[in-house]
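I opened this entry to keep track of what I looked up. I go pair by pair, then turn to the ligands and a sheet.

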Amino acid sequence: MQITALAGGVGGARFLRGLCDHLRRRSDLSDARLTIVGNTGDDITMFGLRVCPDLDTLMYTLGDGIDESQGWGRVGDTRTLQGELAAYGVQPQWFGLGDLDLATHVARSQWLGQGATLSEVVARLGARWGLDRLGVTLLPMSDDPVETHVVIDDEDGRRAIHFQEWWVRHQAGIPARTFTAVGLDRARPAPGVLEAIRGADVVLLPPSNPVVSIGIVLGVPGVRDALRGCAAPVVGVSPIVGGAPVRGHADACLAALGLPTTPDAVAGLYEDFLDRWLVAPGDAAGMRRRRGLDVLERPLLMRDRTSAAELAGAALDAALDAGPRRG
Ligand code: GDP
Ligand code: CA
């Protein structure tokens, strides 16, 4: 049983940890393996170090090292090194990097500098967090650098800033005119990405940001075609509940595409390959009818690990119940 999921950071990680928790209790699926294709459009170079926020959030969450209250970074971390950099006036200071977390970025940057690919680096980092023992393969969407930038208008005129500066420093408070993922059109899928989709028995889209997480992964040439053509049913979970994102600024991201903040608008972004769409109780009534798309109402809030496991189990059951698309 091969399960493949595309994912961003916090929403994706909590859902997929829930899936692993759920699978551990399913004796009928004890052979299940999960391959996660992680967004790398959030990646950024800071203090000379390559930082991959979504991949690290996935790795720390699945490996039980996450700071649960923030949703990102290492539990029990300190900010000694960044404080020292601040004393020297080194920028940026708007992006928090803990001391334990920095070790990950130092290791990654050293290995990349020695010629390793990002996939190789992710595998080496993931080994320490026991991902393989969990039956999880974490893949970056691409080994080629991709960076999401946001075009804004401010006192400096029209300019593009890194996604992280828009999201973290400005809290998505400056209207985004458009997103542009630098390098995406030329990015090659990382080894194993297309194979994981084509060979999947089930494909899941966690409730990750549809524009700057899933949307970027879908933009890697070949990924969308693989999803359209695969035999596995594709089941997605809405990140929008009752007209608002559960956390984060997906509303500001959808607005940049001229879309309302609704589960229907998000489903529209996936409609060429989506088979089943999980929405919150009461939200199905607002869904347009689409040929080939079943809409199911399920409790969508991941309040804790138990409810996340229940949500992931519901998505998996919806896929198993749908069965393969063809023969
Ligand atoms: P990021 O990269 O850290 O922003 O994380 P993702 O892109 O993976 O996920 C962000 C999305 O997860 C947001 O749009 C949230 O609305 C959604 N999300 C967070 N928590 C929940 C939840 O408990 N239930 C659902 N349905 N969506 C959630
Ligand atoms: Ca992210």
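**Entry 1: salt bridges**

I started with E68, which is partly exposed at a relative accessible area of 40%. My scale calls a residue buried under 20% relative accessible area, exposed over 50% and partly exposed in between, using a 1.4 Å probe and protein chains only. This is a predicted model: local features need pLDDT of at least 70, side-chain atom pairs count only at pLDDT 80 or more, and totals for chains, interfaces and linings use all residues. Residues are numbered from 1 along each chain as its sequence is written, chains are lettered from A and ligands numbered from 1 in the order in which they are written, and side-chain values use heavy atoms, with hydrogens and water left out.

Which side chain does E68 meet in a salt bridge? I found R17, at 2.9 Å from N to O. E68 sits in the loop between α2 (53–62) and α3 (80–87), and R17 in helix α1 (residues 10–24), so the pair ties together parts 51 residues apart in sequence. R17 is buried, with a relative accessible area of 7%.

I count a salt bridge when a side-chain nitrogen of Lys or Arg is within 4 Å of a carboxyl oxygen of Asp or Glu. The structure holds 25 of these salt bridges. In general, side chains of opposite charge can pair when their charged atoms come close.

Next I checked E147 and R50, whose side chains meet in a salt bridge at 2.8 Å, N to O. Are E147 and R50 buried or exposed? Both are buried.

Then I took R108 and D56, which form a salt bridge at 2.8 Å, N to O. This pair also links distant parts of the chain: R108 in helix α4 (residues 99–113) and D56 in helix α2, 52 residues apart. R108 is buried at a relative accessible area of 1%. D56 is buried too, at 4%. I also noted a network: salt bridges that share partners join D21, R24, D64 and R305.

**Entry 2: ligands**

I looked up the calcium ion, ligand 2. Its protein donors are D42 (OD), D54 (OD) and D54 (OD), lying 2.0 to 2.6 Å from it. Donors are N, O and S atoms within 2.8 Å of the metal (3.2 Å for Na, K and Ca); water is not among the atoms, so sites may look incomplete. D42 lies in the loop between β2 (33–38) and β3 (44–46) and D54 in helix α2, so they tie together parts twelve residues apart in sequence. D42 and D54 are buried.

How many residues surround ligand 1? I read 19, the closest being P207, S208, S213, L300 and M302. A residue counts if one of its heavy atoms lies within 4 Å. A polar side-chain atom of S213 is 2.6 Å from an oxygen atom of ligand 1. A polar backbone atom of V246 lies 2.8 Å from an oxygen atom of ligand 1.

**Entry 3: a sheet**

Strands pair if DSSP finds at least two bridges between them. Strand β6 (residues 147–154) pairs with β7 over six bridges. V151 stands opposite A160 in β7.

Terms used. Helix = DSSP H or I, 4+ residues; strand = E, 2+ residues; numbered from the N terminus. Polar contact = N/O pair within 3.5 Å; in protein donor to acceptor, adjacent residues only side chain to side chain.
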